[in-house]
Amino acid sequence: MKVTESRFKNRQLHMEDYLQMVSAEQKEYAEVFDYSKITEKSGIITDYWTNNLLDLILRKDNLNKAYKQVKSNKGAGGIDGMQVDELLPYLRENQDTLIQEIRTGKYKPNPVRRVEIPKETKGEVRRLGVPTVVDRVIQQAITQELTPIYEERFSDNSFGFRPKRGAHEALKQCQKNVNDGYIYVVDMDLEKFFDTVSQSKLIEVLSRTIKDGRLISLIHKYLNAGVMAKGIFERTEVGMPQGGPLSPLLSNVMLNELDKELERRGHRFVRYADDCMIFCKSRKSAERTLENILPYIEGKVGR
């Protein structure tokens with residue numbers, strides 16, 4: 001991390017590469033799960049949030065929507081070799097067993113398949129973990145229910161992997177800060193954040209909002225599912241694999257802790273995924289900000 005001065009005329013934010021990117025949902029799909037609408041999202045749903053989030057996630061209309069999204073996103077298969085085009089017959093045949101295993105806590109996610117893609121920096125690679133297509137459906141179903149809950153809690157200064165927000169809006173906010181005289185920037189790329197994030201801290205943060213222990217347990221299983229790299233299984237007791245539909249949301253949940261701390265300290269900042277810029281009016285202020293925020297990041301966000 002370093003302090004830099006920038007006028008931001010041609011500034012481009014660093015963006016994480018993901019295999020699972022949100023795309024427009026296609027209009028026509030045969031329903032995979034038997035459609036059964038329990039209730040509209042009203043005050044009734046609020047009563048479920050404390051102890052029954054998993055039941056909301058396993059609603060068949062939510063699972064159908066998740067299937068359609070995974071189908072639309074396409075992407076390569078996981079370690080079991082199943083491709084997206086094979087999901088329909090598999091889910092039709094196994095939906096009841098799958099739902100029951102998840103509901104009773106017996107479902108065990110598969111390890112992700114390690115994929116390395118080149119970074120812009122020559123010789124460097126970004127390591128992604130590709131879940132099986134079935135696990136992608138489950139993760140997508142979780143994400144769909146948790147996103148509106150956490151959107152109410154996320155900072156207005158966070159722009160990465162959020163509905164109706166993106167790089168364009170982030171750059172506009174950067175430009176506004178610069179126009180307001182905040183021309184010195186503490187530019188923090190939280191290097192290897194996904195590989196080093198403390199799972200126990202993430203679970204603790206999630207548990208403040210999610211009171212359904214079954215869902216917390218399922219998310220923890222995904223974090224601990226492991227990685228298959230060149231035929232060798234690697235444990236994942238630390239970190240959070242990139243590549244699945246759930247990982248962008250989990251990263252924002254964890255880094256929202258940093259956002260709130262920066263807001264508490266009165267800083268102007270813009271965060272996109274694990275790239276965060278704090279805007280200051282003087283070089284001395286920027287250097288002091290960097291010195292003061294590093295202990296918080298290392299103690300509260302890192303391992």
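How many bridges pair β2 and strand β3 in the antiparallel sense?

**Figure 1. The whole protein, as a predicted model.** Local features here need pLDDT of at least 70 and side-chain atom pairs count only at pLDDT 80 or more, while totals for chains, interfaces and linings use all residues. Residues are numbered from 1 along each chain as its sequence is written, and side-chain values use heavy atoms, leaving out hydrogens and water. You will find 11 helices and 8 strands in the protein; these are DSSP runs numbered from the N terminus, with helices being H or I of at least four residues and strands E of at least two. Of its 303 residues, 50% count as buried (under 20% relative accessible area, with exposed over 50% and partly exposed in between; 1.4 Å probe, protein chains only). Among contacts (heavy atoms within 4.5 Å) with a separation of 6 or more, 78% involve residues 24 or more positions apart.

**Figure 2. Strand β2 and its partners.** Here is the count: β2 (residues 112–118) and β3 (residues 125–130) pair in the antiparallel sense over 6 bridges. Two strands pair if DSSP finds at least two bridges between them. The hairpin of β2 and β3 has 6 residues between the strands, and Gly 123 takes a positive phi near 90 degrees there. β2 also runs parallel to strand β5 (residues 227–229), joined by 2 bridges.

**Figure 3. Pro 241 in its loop.** Pro 241 lies between β6 (232–234) and α10 (247–264). With a relative accessible area of 23%, Pro 241 is partly exposed. Leaving aside neighbours within four places in sequence, Pro 241 is in contact with Val 112, Gly 129 and Ser 247. Val 130 is 111 residues away from Pro 241 in sequence, yet the two are 8.4 Å apart in space, C-alpha to C-alpha.

Figure 4. β4 (residues 184–189) pairs with β8 in the antiparallel sense over 6 bridges, with Val 185 opposite Phe 279. β7 (residues 268–272) also runs antiparallel to β8, through 5 bridges, and Tyr 272 has Asp 275 as its bridge partner. Ala 273, in the turn of the hairpin of β7 and β8, has a positive phi of about 55 degrees.

**Figure 5. The largest nonpolar core.** A nonpolar core is a set of buried Ala, Val, Leu, Ile, Met, Phe, Trp, Tyr and Cys residues joined through side-chain atoms within 4.5 Å. Of the 63 residues in this one, Ile 138, Ile 142, Leu 146, Leu 206, Ile 210 and Leu 215 touch the most other members. Helix α5 (residues 133–151) supplies the largest share, 9 residues. Apart from this core lies another, of 12 residues, including Tyr 182, Val 270, Tyr 272 and Phe 279.
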